[in-house]
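Here is a short report on one protein chain. It covers the fold, the strands, the cores and the aromatic pairs.

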Amino acid sequence: AEIEAGASRKLYDYQVADLAFLLTNGRALLTNEPGLGKTGVVIRTIQVMQALGMDPFPVIIVCPNSLKKTVWETELAVWAPEVSVSIVDGSAAQRRKQLAPGSDVYVINYEALRLHSKLSGYGSQELTSAEKMPKEIDALGVHTAIFDEAHKVKDPHAKQTRAAWNVAHSAEYRVAMTGTPVASHIGN
């Protein structure tokens, strides 16, 4: 209530219910339709977690490349200007520097995630020694992992899916969010 009272942007009642759901579960899938404010709910949830002493930082937000700056950087600046944000972009060397410890929130796309995180195994697929090695994201000690457009990690054979599994497995709090319906079954 204190955070909401002092905030420049307020949540709608249904968004407050979403926030309560995320806080209660700690690990959840938020599947509201597009345009209903999932991003704002997730950002406000991080703020409330911090206020309650739940220690959500560092946070990693994994999203499509097109959403890093147009949505997440913009919305974090509006909803939570107090957090330090690192948008992970550019060459491999630039991304490594941007993934150095010190930021509260790291925003990275799915394709880069697999290059900067070790992979989880799947079935009988062999991992190379490079895929088993801890990388920059593993060194961050991520407490909260947020996966925007989470339907992008439904193929267990894809390296980006197995990188997301690794990051999610090590995080205490996990939120997957998507407004895109998944047809028929998970393999489509």
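## Terms and model

Buried means under 20% relative accessible area, exposed means over 50%, and partly exposed lies in between (1.4 Å probe, protein chains only). Helices (H or I, at least four residues) and strands (E, at least two) are DSSP runs, numbered from the N terminus.

The model is predicted: local features need pLDDT of at least 70, side-chain atom pairs count only at pLDDT 80 or more, and totals for chains, interfaces and linings use all residues. Residues are numbered from 1 along each chain as its sequence is written, and side-chain values use heavy atoms, with hydrogens and water left out.

## Overall fold

The protein chain has 9 helices and 6 strands. Its C-alpha trace spans about 50 × 40 × 30 Å along the principal axes. The radius of gyration is 16 Å, in agreement with the value near 16 Å for a compact globule of 188 residues. That radius is taken over C-alpha atoms, and the globule rule is 2.2 Å times the number of residues to the power 0.38.

Of the 188 residues, 46% count as buried. The accessible surface comes to about 9,500 Å², and carbon and sulfur atoms hold 55% of it. Areas come from the Shrake-Rupley method with a 1.4 Å probe; for residues, only the protein chains shown count as cover. Contact means heavy atoms within 4.5 Å. Among contacts between residues at least 6 apart in sequence, 67% join residues at least 24 apart.

## Strand pairing

Two strands pair if DSSP finds at least two bridges between them. Strand β3 (residues 85-87) runs parallel to β4, with 3 bridges. Ser86 stands opposite Tyr106 in β4. β4 is also joined to β2 by 5 bridges, again in parallel. Here Ile61 faces Val107 of β4.

β2 also pairs with β5, in the parallel sense, over 4 bridges. Val62 has Phe147 in β5 as its bridge partner. Ala28 has Val175 in β6 as its bridge partner.

## Covered and uncovered faces

Which residues of strand β1 lie on its covered face, and which on its uncovered one? Ala28 and Leu30 form the covered face of β1 (residues 27-30); Arg27 and Leu29 form the uncovered one.

In β4, 5 of its 5 residues are buried. Val105, Val107 and Asn109 lie on one side, with Tyr106 and Ile108 on the other. Strand β5 (residues 144-148) also has 5 of its 5 residues buried, so it is largely enclosed by the rest of the structure. Thr144, Ile146 and Asp148 make up one of its faces, Ala145 and Phe147 the other.

## Nonpolar cores

A nonpolar core is a set of buried Ala, Val, Leu, Ile, Met, Phe, Trp, Tyr and Cys residues joined through side-chain atoms within 4.5 Å. The largest one has 26 residues. Those with the most contacts inside it are Val42, Ile61, Trp72, Leu76, Val105, Val107 and Ile146. Elements that each supply at least two residues of this core include α2 (13-25), β2 (59-63), α4 (65-79) and β4 (105-109). Helix α3 gives the largest share, 5 residues.

Leaving aside residues up to four places away in sequence, Ile61 touches Trp72, Leu76, Val105, Tyr106, Val107, Ile108 and Ile146. Another core lies apart from the largest one; it has 23 residues, among them Val62, Leu99, Leu119 and Ala150.

## Aromatic pairs

Rings of Phe, Tyr and Trp (its six-membered ring) pair if their centres lie within 6.5 Å; planes under 30 degrees apart count as stacked, over 60 as edge-to-face and the rest as tilted. The whole structure has 2 aromatic pairs. Tyr12 and Tyr14 have ring centres 5.9 Å apart and planes at 5°, so they are stacked. Tyr12 is exposed at 57% relative accessibility, while Tyr14 is partly exposed at 36%.

Tyr122 and Trp165 have ring centres 5.8 Å apart and planes at 55°, so this pair is tilted. The pair links distant parts of the chain, 43 residues apart: Tyr122 sits in the loop between α6 (110-113) and α7 (129-132), Trp165 in helix α9 (residues 159-170). Tyr122 is partly exposed at 31%, and Trp165 is partly exposed at 33%.
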